[in-house]
Amino acid sequence: MIATLGLAALWLAAALALLQLLGGALALRAKGNPLVAALRPVAMIQGMLASLAMICLIVLFCQTDLSVALVATNSHSAKPLLYKFAGSWGNHEGSMLLWVAVMAAAGGVVAWVERRLPERTILATLGAQAFVSLGFYAFLLFASNPFTRLDPAAPEGQGLNPLLQDPGLAFHPPTLYIGYVGLSVAFSFAVGALLTREVSPTFARAMRPWVLGAWIFLTLGILFGSYWAYYELGWGGWWFWDPVENASLMPWLAATALLHSVSVLAARNALRAWTVMLGVVAFSMSMVGTFLVRSGILVSVHAFAVDPTRGQFILALLAINIGAALAVFGLRAASVTEGERFTLTSREGALVFNNVMLTGALGIVLIGTLYPLIAETVGARVSVGPPYFNPATAIFVLPMLVVMAIGPLLRWRRDSMKRISPLLLVPALLALCGLAFGISRGIGVLPLLGVALASGLVVASVTPLWGRKLRTVKLPLWGMVTAHLGVALALGGMASDSAFTKEKLVAARPGDTIAVGPWSLTFTKVKPIAGSNWTAIEATLEAGYDGGKPITLKPQARAFWSPPQGTNESALATRWNGQLYAVLGEQAEDGRWQLRLWWKPFVTLIWLGGMLVALGGLLALFGRVASDLRRLIAVDKIAYRRRRQGP
Amino acid sequence: MSEQKPAVPSRWALWLPLVLFGAFVALVLYGLQRPAERDVRSAMIGKPLPQFSLRAATDDRPGLSFADMADGKPKLLNIFASWCIPCAVEAPQLAQLRAQGIDVVGVAIRDKPDDLKAFLLRHGNPFSRIGADDVSAIQFAVGSSGVPESFVIDGKGTIRYQHIGEIRADQVEMIVKKVREAGQ
C-alpha cells in the first residue's frame, strides 16, 4: 500500500517535472500561456510529491516491509530503528530518491518564496531545475526503482551488516548529499539568469542563501567524513587524498569560490560571467564526484557497491546536464558584461585573487584525482599520493590565506595598502613569531609556513571587528569573522599535527612501559573479547600525561567473520592540547605485540576550526535570510495596502 | 593605481569550459570501456633484469639485488609504495600468494621508512625481501610506469610476465600459475 503510494507519487512528480520543463521553455517565449502561469504551483506540488515518495520509503524501512525488494536486501527486522531509518538512503536506489526529493523540494521552495527576480528568470530557473531532475527521475523509474515488490515477500531481510552500523556512517552521506543537491539550485539560477540575460546583483542575492546552505552542509559532511576516517581507519591520518575524499572536496572548493564571488556580484555588480560560471562548475563538480565514486572507475579505500552500468547512466546524465549548461554559457556569456570596475587593491581585487587561487587548487585536485585515468590511456596504472597533492595545493592555498588576512580590511572599489597596514602590524608580528618558533624547532617547510600563517591569521581574521561597536555588527560580518577564524585554527591544527606529532612503533610485552612525547604508557595486559559477529584482541594501556593520573586506553584488533575482515579499533585520549592515539597491531613471532602510538598536539583544532567555519556560514545564512524575510514582508504589506486602496 | 576593467574574454574562450568538459567525458568513457584484463606485453618480457642492488627498506627484511633474483627459484617481484591506494587494495591478494608458497619480494618506491613500517603493520608483510628504490631507478629499468606493478621472474632473473595495476582476487590463481610455469 505504502509502496504503491510512493511509486505513484514518484511517477506524478516526474510528470510534473516534465510539465515544469516545458513551461520553463515556453516562458522564454510566450507570455500569458496558462502553463506558464501555473509553473510555480507545479514546482511546489512536484516538491511535495517527491518528498512524499521519500517519506514512503522511510516508512517502509522503519516498518521493515519485506514485500519491498529494496528493504529485503538492505534491512533486517532485528536492526535498531535508527539504522532502519538511515538504511532508507544507505543504498543506491534510496540515495538516488533522496537526491531527487531534496532537489524537487528545493525547487518548490524557490517557486514559493523567490519574488525579487523578474518572473521570466524565475520560470527559466525552475525549468532548468526540472531539466536536471528529469534525468534522475528517469534513472529511478526505469533503472533503479526503489519500490519494486517481491511476491511472495521475503521471510527476513539480508542487511544486518554491523560494520555499517555506525552513527557517523548513517548521517555522513546524506549531509554531503544535501550539500551536493543544494548546489543544483545555484546551477539552475545560473542557467536561468544566462537564458534571460538577467545576471544582476538581485540574481546574486537570490542565489546566495542556497549557496551558503549547500556550502554549510558540504563543510559539515567533509568534517564528519574526515573525523570518521581518522578514528576508524586507524592510520593516524585525517586526510588521504583518496578519490572519494577528493570527490567531496572539489565541490566544496568550487562552492567556496562561488560564495565569495556571489558576494562581489551582490554588493558591487562585478564578476558577472565568472559567478555564473562558478555556479555551473560547483554543481558539475558534485555530479562528477558522485560519478567517480559510484562508477568504481577509480580505486578507493572506501568500499562502495559499484556498478559500471550505473556509472554509464550517471555519466550520460552528467554529459547532458553539464554539456547543455556549458553550451548555454558559450552562447550567452559574451552578452554578460563584466560589470563595475575596481582596482587591484580593493575588496573585489582580493576576492578575485582568492577565487583564482581556489579554482587553481580545484584544478590541482581534479587533475590529481583523474591522473590515474589519464595515465591509463597510455597503458600505465598509477596512483598519485600526498607527495603530489600536498605541495601542489599549498602553492595555491598559502598565498590565498595571506590575502584572506588582508582582503576583509580593504574597502570596495579602491583602497590603499597604506591605509590598512597599521591594522596588519600585529598579525605580521605574530606570523614572524610563529616563523621563528617553527625554525627553532627545525620543522619542515610546509608545516613551518602553516604555523606562521596560522599565528598571524588568528588575529587578522578578527581584525575586521576592530573599531566597530560589537552590538551593531551585522550577522554576515560575524559569520565571515567566525569562518576565517575557523580556517586559521584548522590550519594551525594541520601544521601542528604534521610538525609536532610524536610517533612510536614498538613491539611490546605486557608490563613494558613506552614513552611518547609527554606521555608514559604502561602496557598492562592483552585479552581476547567477543562481540556479536567479531572477535577481538584488546590491549589495556595505562597512559599518564607528564606524570599525571593515568587514563586507560583499550585499542582492539578486531576480526569480523561475516564478511571476513579485520579492523583496528583505535583508542583515543583527548586533552585540551591534543590527542593520544593508540593502535594495536599483530603479534610477532616472539610473542610481542606491535603497538603504534601517536601524540598529536592540537590535532583537534582541525575539526574545531572546521566546525567554526560551518558556524560562520550558519551566522551569515541567518543574517541574509532574516533580512530577505523582512524585505519580503514589507513588500507584501505594501502590495496589500495598494490592493485595499485600489478601485 | 588606475581603474582597470577586467579583460573581456574572447568569444572563443567562452567555449573553453565545454571543450575541457568534452575531454573529461571522453577520458572517463575510455576508462569505463577499458578491458578487465589489463596485462600488457612488455618489451622487457623474456629479457633479464638489469644489474641492481637496493638497500633494505625496513629493519626486519633484507634488501634486494640482482643476485637475490637469480638464485634458482621463481619469484613474484611486487613494486609498491605506502602512499599508493591500489597497493593497500592489493595486500590481501599478496598475502594469499604468500600462503600458497609463492616467494614475494618487494620494491618500495619513493617511500619513508616510518610510512612503510606503518603500511606493512596495517596491511601485513608478505615480502621476504624489500628493497628501497628512492629515485624510481629500478622501476624505470624494468619498464614499469607506476605502482602497483608485479613481475614474474624465473630462477635465472629473467622477466616472464608483467602485471600492471593491482592483482585482484580473481587473478591470484592466474599469478600462481604464471610463477609455477616460470619455475619449470
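Me: How much of chain A counts as buried?
Reply: Of its 647 residues, 51% count as buried. Keep in mind that this is a predicted model.

Me: And how does the radius of gyration of chain A sit with a compact globule?
Reply: It agrees: a compact globule with 647 residues would come out near 26 Å, and chain A has 27 Å. The C-alpha trace spans about 95 × 80 × 55 Å along the principal axes of chain A.

Me: What is chain A built from, in helices and strands?
Reply: Chain A has 19 helices and 10 strands. As for its contacts with a separation of 6 or more, 74% are between residues 24 or more positions apart.

Me: Which domains does the assignment give for chain A?
Reply: Domain 1 covers 1–163 and domain 2 covers 502–601. The C-alpha centres of these two domains of chain A are 46 Å apart.

Me: OK, the open sheet of 4 strands in chain A, what's the strand order?
Reply: The order is β1-β10-β9-β8, with antiparallel pairing. β1 (502–508) and β8 (571–575) of chain A are at the edges with a single partner strand each, so one side of each has no neighbour in the sheet. On average, neighbouring strands here are turned by 15° against each other, direction ignored.

Me: How many bridges hold β8(A) to β9?
Reply: There are 5 bridges between β8(A) and β9 (residues 578–587) of chain A, and the two strands run antiparallel. One pair to look at is A:Ala573, whose bridge partner in β9(A) is A:Leu580.

Me: What does α4(B) do around there?
Reply: Helix α4(B) lies across β1, β9 and β10 (593–601) of chain A, at about 50° to β1(A).

Me: What about β4(B) itself, why call it largely enclosed?
Reply: Because 6 of the 6 residues of strand β4 (residues 104–109) of chain B are buried, it is largely enclosed by the rest of the structure. B:Val104, B:Gly106 and B:Ala108 point one way, while B:Val105, B:Val107 and B:Ile109 point the other way.

Me: And how do β3 of chain B and β4(B) run, parallel or antiparallel?
Reply: Parallel, with 5 bridges joining β3 (residues 75–80) to β4(B). B:Asn78 has B:Gly106 as its bridge partner in β4(B). The chain passes from β3(B) through helix α3 (residues 85–99) to β4(B), and this β-α-β crossover is right-handed.

Me: What does the whole sheet look like in chain B?
Reply: It's an open sheet of 5 strands in the order β5-β4-β3-β6-β7, with mixed pairing. β5 and β7 (159–164) of chain B are the edge strands, each with a single partner, so each has one side without a neighbour in the sheet. The twist averages 20° from one strand to the next.

Me: Last one: where is A:Asp242 found?
Reply: In the loop between α9 (201–232) and α10 (243–268) of chain A. A:Asp242 counts as partly exposed, because it has 17 C-beta neighbours inside 10 Å.

Me: How far is A:Asp242 from A:Glu348?
Reply: They are 106 residues apart in sequence and 34 Å apart in space, C-alpha to C-alpha.

How values were computed: Residues are numbered from 1 along each chain as its sequence is written. Chains are lettered from A and ligands numbered from 1 in the order in which they are written. This is a predicted model: local features need pLDDT of at least 70, side-chain atom pairs count only at pLDDT 80 or more; totals for chains, interfaces and linings use all residues. The radius of gyration is taken over C-alpha atoms; the globule rule is 2.2 Å times the number of residues to the power 0.38. A residue is buried if 20 or more other C-beta atoms lie within 10 Å of its own, exposed if 12 or fewer, and partly exposed in between; C-beta atoms are placed from the backbone. Two residues are in contact if their C-beta atoms, placed from the backbone, lie within 7 Å. Domain bounds come from an automatic or database domain assignment. Two strands pair if DSSP finds at least two bridges between them. A crossover is right-handed if, with the strands pointing away from the viewer, the path from the first strand over the helix to the second runs clockwise. Axes are lines fitted to C-alpha atoms, for helices over the stretch in contact, and angles run from 0 to 180 degrees between N-to-C directions.
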